[in-house]
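Trainee: Before we look at where the ligand sits, could you take me through the terms one by one and set each value against its rule?

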Amino acid sequence: MSETIKPIDEKLENLNIFDPELMKCPHAFYKKLRDESPVYQDPTTGIFQVSKHELICEAARNAKVFSNDFGALQKDGGSDSYPQEAAEIMAKDGYPSVNTMLTADPPRHTKYRGLVDKAFAPKRVADMVPAIEEKTNYIIDQFFDDGKCEVASQIAQPLPIRVIAEALGASSDDYDNFKIWSQAFTDQLSGTSTPDEHIEIAKKLVQFQQYFADRLSEKAKNPSDDILSDLATLDFEDENDVSRKLETAEQLSIIQQLLVAGNATTAHSITEAIKLLIENPDQMELVVNDHSLIPNMIEESLRLLTPTNNMWRIATEDTELGGVAIPAGSALLLRYGSGNRDEELFENPDKFDVTRNNARRHVAFGQGIHVCLGMNLSRKEMYTAFPIILGRLKNMRFADGNKFNYSPNVLLRGLDNLYIEFDKA
Ligand code: HEM
């Protein structure tokens with residue numbers, strides 16, 4: 001089954017790119033952008049929208065001209081509602097925000113990325129499979145006898161949070177806090193938070209920072225085989241080629257990215273894949289009868305959802321993209337979610353097709369030097385969990401209560417919740 005995308009009659013210049021309704025279901029807007037103006041400067045905000053697969057890749061691969069030094073935009077999602085009180089909470093009790101991986105450019109970016117890349121290399125991730133299997137079964141055991149569950153909170157969120165907590169070397173007893181902090185990071189990126197919400201987010205971020213600063217100082221004294229110990233003890237050569245230990249603010253920035261970039265995105269992907277399978281019984285049947293299709297099914301779900309739907313860039317010099325002049329200092333939104341439905345690359349792009357032969361050409365994990373650090377881990381989690389999910393939760397179907405709501409967020413996209421019933425295998 002293909003999603004029905006109703007075309008937008010309104011002219012592009014009359015659309016508010018931060019309209020929450022547009023963010024909830026952006027596909028018709030994206031199609032209009034691709035058809036009419038693949039590099040489109042929004043007249044109200046001045047932000048350039050890049051919507052074609054090829055142009056997104058071109059910009060993402062050119063880190064010199066299209067910089068990731070967008071920390072200031074990321075903080076308030078580009079909105080101007082960031083209150084002084086939130087800044088004061090962070091300044092008084094928190095650690096300063098520093099640009100490490102996502103919001104750093106080379107040579108800084110290269111140094112930090114080199115430090116953590118090996119923790120997520122294919123071999124390290126392959127070693128995590130037994131733990132992922134065990135966690136998936138444990139998570140399912142918690143609701144299995146009910147014959148029903150809410151997928152986002154009972155399957156999709158717990159899995160990546162438990163996996164990353166263990167990889168970091170944090171206690172799984174702190175699971176509830178991890179969930180709260182991950183949500184706070186996601187809300188911070190939404191671009192729709194009110195000043196009061198920003199203040200609440202700042203308080204949670206300070207708690208997160210204090211918790212991890214304590215864990216890091218423990219690991220510095222008693223290191224073990226985990227990422228926190230690596231961050232606490234390894235010698236790091238900075239962009240001035242000085243060998244030193246990481247400062248706490250740097251360590252916290254890295255950990256924050258592992259949580260924010262990894263948890264909501266993987267959780268949203270798992271939830272969406274289950275929704276798409278239930279909506280498309282023919283595709284469900286194919287995958288249930290042939291588990292070797294699971295990896296491609298996951299890639300196809302990633303393509304259609306694109307959990308990191310958009311990402312910022314800043315032009316470092318006067319440049320040009322797709323024949324459009326872009327002045328130095330301009331902000332761009334790379335519309336990964338649009339590139340993944342580009343009809344020039346993906347035939348019948350709105351269709352969920354688990355046998356699509358080029359599904360993996362999606363840009364859901366980005367491109368170029370900032371390509372997702374956790375993509376091996378995220379894929380391994382989903383490739384490992386789905387055979388178990390499909391094996392134990394038979395005949396999955398929608399239960400009552402589904403609103404199929406995607407909370408508006410400038411950068412991230414995912415279903416709030418998904419109620420299902422199943423037969424116990
Ligand atoms: C389905 C799951 C995921 C999706 C869709 C996703 C998506 C992305 C995308 C699109 C980028 C590139 C951002 C840019 O263009 O600037 C990115 C970067 C990043 N991701 Fe992921 N991600 C996922 C899971 C994870 C996981 C599990 C982790 C870590 C445990 C992670 C950590 C990171 C980090 C640290 C970066 C910044 C890398 C850099 O700037 O060099 N992600 N991710």
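Mentor: We begin with residue classes: Ala, Val, Leu, Ile, Met, Phe, Trp, Tyr, Cys and Pro count as nonpolar, Asp, Glu, Lys and Arg as charged, and the others, Gly among them, as polar. By that rule the shell around the ligand divides into 15 nonpolar, 11 polar and two charged residues. This is a predicted model, in which local features need pLDDT of at least 70 and side-chain atom pairs count only at pLDDT 80 or more, while totals for chains, interfaces and linings use all residues. Residues are numbered from 1 along each chain as its sequence is written, and side-chain values use heavy atoms, with hydrogens and water left out.

Trainee: What makes a residue part of the shell around the ligand, and which residues are closest to the ligand?

Mentor: A residue counts as near when one of its heavy atoms lies within 4 Å of the molecule. The ligand is surrounded by 28 residues, and His109, Arg113, Tyr336, His370 and Cys372 are the closest. Taking helices (H or I, at least four residues) and strands (E, at least two) as DSSP runs numbered from the N terminus, α6 (108-117), α14 (248-279) and β7 (311-315) each supply at least two shell residues, and α14 gives the most, with six.

Trainee: What makes a protein atom a donor of the iron atom of the ligand, and which residue provides it?

Mentor: Donors are N, O and S atoms within 2.8 Å of the metal (3.2 Å for Na, K and Ca), and sites may look incomplete because water is not among the atoms. The SG atom of Cys372 lies at 2.3 Å and is the only protein donor of the iron. Cysteine 372 belongs to the loop between α17 (336-339) and α18 (375-392).

Trainee: How do you know what kind of space the ligand sits in?

Mentor: On a 1 Å grid over the protein atoms alone, a cavity is a set of points where a 1.4 Å probe fits but cannot get out, with lining residues having an atom within 4 Å of a point. A molecule sits in a cavity if more than half of its atoms lie within 2 Å of its grid points, and by this test the ligand sits in the largest cavity. With volume taken as the space filled by probe spheres set on the points, this cavity holds about 740 Å³. It is lined by 39 residues, of which Ala261, Gly262, Cys372, Leu373 and Gly374 lie closest to its centre. α14 again gives the most, with nine residues.

Note on methods:
1 Å grid on protein atoms, 1.4 Å probe; cavity = no way out; pocket = protein on both sides within 12 Å on 5 of 7 lines; lining within 4 Å.
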